[in-house]
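My notes are below, in the order I looked things up.

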Amino acid sequence: MPQATETLLEIDLTALGENYRYLTSKIDPKTKMLAVVKAFGYGSDSVAVAKELVDLGIDYFAVAYAWEGEVLRNGGIETPILVLHPLPANFDLIVRRCMEPSIYSRKMLTDFIAFTEKQQQKQYPIHLKFNTGLNRLGFGKGDLEFITEKLSATASVKVRSMFSHLAATEDKEQRPFTLRQIEAFREHSEAIIQAIGYRPMLHTLNTSGILNYPEAQFDMVRSGIGLYGFGNDPKERAHLTPVASLKTVISQIHELPEGANVGYNMGHTTSRASRTATLPIGHADGISRAYGKGKGWVSIHGKKAPIVGNVCMDMIMVEVTNIECEEGDEVIVFGENPTAEELAAAIGSIPYELLTAISQRVKRVVYRK
C-alpha cells in the first residue's frame, strides 16, 4: 500500500486468508467453520470480508442483528447466515432474506413458530441456543420439555443446529468451569436429539475454544476475533496477523514555548519548548477520550508520539519534539506498531472494543499484499 494521505482503515485480505487457514488447520477436516462478521466485520468491512471467506470455503456466517445479515445479502452473499440476536420485529426480514434465527427463549420460540405458521413455512431452519453458564441468552435445562413439545406440534420449523457460548475458553484457570459448560451442552443437546428424532449440527467453540478445547469441536466451530488477527494466548497470537490497520496524516505542526496550553480545557501544558502535531482523527472516529493526556500514542516513522491534551471530536494532538516529521507525513494509529491490542490495553480495554469503535466515516481500503 502507498503511504496514507488521509485517515483510512486498511483491510488486508491476505492476512484474513492466513488467519482462516491457521484456524482451520486446528480442526478436523469434516468440522464446519462459521465466521462471525457482526459489527461491520469487527469494524472492518463485512461484505469484503465475507466475500473473501466464501472464496476460502467458509460454511456459515453469523451476525448479531438481522439488518447486518441484510447487508451481506445485498452484497451478494448466499451462504447461510445465523442471526445471533433476532427480535420479533425483524422476523419478516429474517425470513424474506433467508436468514436463520437463534432461538433462545420460550417466548422467542413461541413467537417464531406462530410467525412461520402464519407465513405457511415448512421446516424453516432455526438454531437453539442453550445457556450453560454465560447467563446472557439461552434456554436452560428446565426448558427442554417445553422445547420438544413445541417442536413436535408444528411442521413450520426445523432445528438446523444447537449451540452454546463458552464464557472463559481463554482462561486456563477456568478450565473446570468450561468443561462443565461443555458437558451441560452435551447433555441438553442429546436430550433434544432423543426427543425430536434427528440430529442437528452442534457447535460451542469460539476462537479460544478452537485453540484450547479441540476435543469439543462437535460439528462446527465459530471464529470471530481470530479471523481478524487476535488471540488470547501469546503463542497462538504469533500465528495470527491483524487484518485492519488505522492510519492518518499530520495536518499541522506547532512550535510551542514552555508553558503553552494544548487543546480544550488546557488539557496539556508544555513543560519545555515543544513541537506538537495535529492529526485529523478524533473520538467521532473511534479514538476514545480515554486515550487523551498521554495514555494513548501513535507511531510516526517508527517512533512513539504520545497523545497530549484531550482527544477532540475530529482531531488529536501528539508530541513530536524528538521526532523528525513534516506536515503530510503518515501516522500509524494501530496496525503493526502499536497493535490494536497494545493501544486498547493502554486504557484497560480489549482489541474488540477498539476495532468495532472505528466510525463508518473513516474510509475503508481493501487490499492484498
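**Ground rules**

I'm working from a predicted model, where local features need pLDDT of at least 70 and side-chain atom pairs count only at pLDDT 80 or more, while totals for chains, interfaces and linings use all residues. Residues are numbered from 1 along each chain as its sequence is written, and side-chain values use heavy atoms, with hydrogens and water left out.

My helices (H or I, at least four residues) and strands (E, at least two) are DSSP runs, numbered from the N terminus.

**Pockets**

I ran the search on a 1 Å grid over the protein atoms alone: a pocket is an open set of points with protein on both sides within 12 Å along at least five of seven lines, a cavity is a set where a 1.4 Å probe fits but cannot get out, and lining residues have an atom within 4 Å of a point. Grid points are joined across faces, edges and corners, and a volume is the space filled by probe spheres set on the points.

The largest pocket comes out at about 960 Å³. I count 36 residues in its lining, with Lys-38, Tyr-42, Arg-136, His-165 and Tyr-352 nearest the centre. Which element gives the largest share of that lining? Helix 12 does, with four residues. Helix 2 (38-43), helix 9 (207-212), strand 9 (220-223) and helix 12 (351-357) each supply at least two residues.

For residue classes, I take Ala, Val, Leu, Ile, Met, Phe, Trp, Tyr, Cys and Pro as nonpolar, Asp, Glu, Lys and Arg as charged, and the others, Gly among them, as polar. On that scheme the lining of the largest pocket splits into 17 nonpolar, 11 polar and eight charged residues.

Next I looked at the second largest pocket, at about 280 Å³. It has 16 lining residues, and Ser-245, Lys-247, Gly-335, Glu-336 and Tyr-367 sit nearest its centre. Two or more residues each come from strand 1 (8-12), strand 10 (244-249) and strand 18 (330-334). Strand 10 gives the most, with three residues. I get six nonpolar, four polar and six charged residues for this lining.

**Cavities**

How many cavities of 30 Å³ or more does the whole structure hold? The search finds three.

The largest cavity has a volume of about 40 Å³. Ser-208, Leu-211, Asn-212, Asn-232, Asp-233 and Glu-236 line it, and helix 9 gives the most, with three residues. Its lining has one nonpolar, three polar and two charged residues.

The second largest cavity is also listed at about 40 Å³. Here the lining is Gly-41, Tyr-42, Ser-44, Tyr-228, Phe-230, Pro-242, Val-243, Ala-244 and Leu-355. That gives seven nonpolar, two polar and no charged residues.

**Helix pairs**

Axes are lines fitted to C-alpha atoms, for helices over the stretch in contact, and angles run from 0 to 180 degrees between N-to-C directions. Angles under 35 degrees count as roughly parallel, over 145 as roughly antiparallel, 65 to 115 as roughly perpendicular and the rest as oblique. Contact means heavy atoms within 4.5 Å.

I started with helix 1 (residues 13-24) and helix 3 (residues 46-56), whose axes come within 10 Å and cross at roughly 50°. That makes the pair oblique. Leu-13, Leu-16, Gly-17, Tyr-20 and Arg-21 of helix 1 touch Ala-48, Val-49, Glu-52, Leu-53 and Leu-56 of helix 3. The contact divides into seven nonpolar, one polar and two charged residues.

Helix 6 (residues 106-118) and helix 7 (residues 144-152) pack at about 5°, axes 11 Å apart, and are therefore roughly parallel. Arg-106, Leu-109, Thr-110 and Ile-113 in helix 6 meet Phe-146, Ile-147 and Lys-150 in helix 7.

Helix 7 also packs with helix 8 (residues 175-196), at about 30° with axes 10 Å apart. This pair is roughly parallel too. Leu-144, Ile-147, Thr-148 and Leu-151 of helix 7 contact His-188, Ala-191, Ile-192, Ala-195 and Ile-196 of helix 8. I find seven nonpolar, two polar and no charged residues there.

**Backbone**

The peptide bond from Asn-337 to Pro-338 is cis, with omega near -5°. Pro-338 lies in the loop between strand 18 and helix 11 (340-345).

Asn-265 has phi near 55°, a positive value in a residue other than glycine. I placed Asn-265 in the loop between strand 12 (261-262) and strand 13 (268-269).
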